Amino acid sequence: MSVEPGTAGGAEQRSAELPLPNGWFAVAWSRDLAEGDVQRLRYFDRELALFRGRSGRPYVLDAYCPHLGAHLAEGGRVVAESLRCPFHGWRYDGESGRCVEIPYCQRVPPQARVAPWEVQERNHMIFVWRHAEGAAPSWEVPVVPELSDPAWSEPRRLELEVPVHMQDMHENNLDPVHFQFVHGMPEVPPSEIAYGDGGRTMRVQHTAERETPFGKFQTTLVRESWGLGLAAVRTEGIPGAGLLMFSSTAPIDARNTRSRWLFTVTRNMADLAGEEFIQSLSSGVMQDMRIWRNKIHRARPVLCEADAHLGEFRKWARQFYSRPA
């Protein structure tokens, strides 16, 4: 029996709308922003201007000049720790967003300011704090020591833009069955979930015996998540060797996501298994792409007994929204 659009059956075709989450999100690679550079960004359904001051510090401001609406990143110029508007030369301080100079006026109107964003630069990325109610950061971007350790290989990058809400990407990791049907894994060992920092962080791990270039070991795959935007996956249990993937996923808007990935291995594994590790994770992401590009979000999915971790993830994710998700 066919069902006409607009009827109850037609409602099955519609995607539930998720709001944007709160947290830290990477908006650029560190090495792509030199001193004095200005970049136009679009994240959180807003236009932004990113620049690196003469001190080397990165700043992010709302993009549009309050004077006559010019986009500060389209021709704007860095002057010390400020960004000069390309239209009339008004200069905005990177930290406060206040206009600090109008070159042809003595007095600066007090309303002459743009919203500044909290920024942290760590792990080869530039992060912005986003909160729907403007609350200050309640935690910091964790430092991932392997990414600057000389005993580990130079991190390799992967960047993707996906037309899906970022929560749908994140919850893949709590969906063990999809690893069999999408990624061809014969079986997935049972996972254990633990929480830290008052419940804000999530750690998921599973242990199994695996054949490695150094022999057969009981290895543990550990995924740590800090909010919905940051995650690290480590392989532990190989004596003197390790593998790491670090990622940041950021909302462009409610329907589009940009994800940045870094891969590194201990140098003693680089030639033995490093390329295979990087290729395996990269190709796994590509296998997920067809699903992500063509799925809708189910706010109240029909779950089965194998979906216990998915249900737990959705409850955990609610804390990162200012209104119910």
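Predicted model: local features only at pLDDT ≥ 70, side-chain atom pairs only at ≥ 80, totals over all residues.
Let's begin with strand β18, which runs through residues 256-265. Is this strand mostly covered or mostly open? It is mostly covered, with 8 of its 10 residues buried.

Now look at the strands that pair with β18. One of them is β17, residues 243-253, which pairs with β18 in the antiparallel sense over 10 bridges. If you trace the chain from β17 into β18, you pass through a hairpin of 2 residues. To find your place in this pairing, pick out Phe246, which stands opposite Leu262 of β18.

Strand β12, made of residues 156-162, also pairs with β18. Here too the sense is antiparallel, and the pairing covers 7 bridges. A handy landmark is Leu158, whose bridge partner in β18 is Trp261.

Next, let's move to Thr220, which you will find in strand β15, residues 215-226. Why does Thr220 count as buried? Its relative accessibility is 14%, and the cut-off for buried is under 20%, so Thr220 falls on the buried side.

What does the side chain of Thr220 meet there? A polar contact of 2.7 Å links it to the side chain of Thr207. Setting aside neighbours within four places in sequence, Thr220 is also in contact with several other residues, including Gln205, His206 and Arg210. Further along the sequence, Arg234, Thr235 and Glu236 are among the contacts of Thr220 as well.

Terms used
Residues numbered from 1 in each chain as written. Heavy atoms only, no water. Buried < 20%, exposed > 50% of the residue type's maximum accessible area, 1.4 Å probe, protein only. Helix = DSSP H or I, 4+ residues; strand = E, 2+ residues; numbered from the N terminus. Pairing = 2+ DSSP bridges. Polar contact = N/O pair within 3.5 Å; in protein donor to acceptor, adjacent residues only side chain to side chain. Contact = heavy atoms within 4.5 Å.
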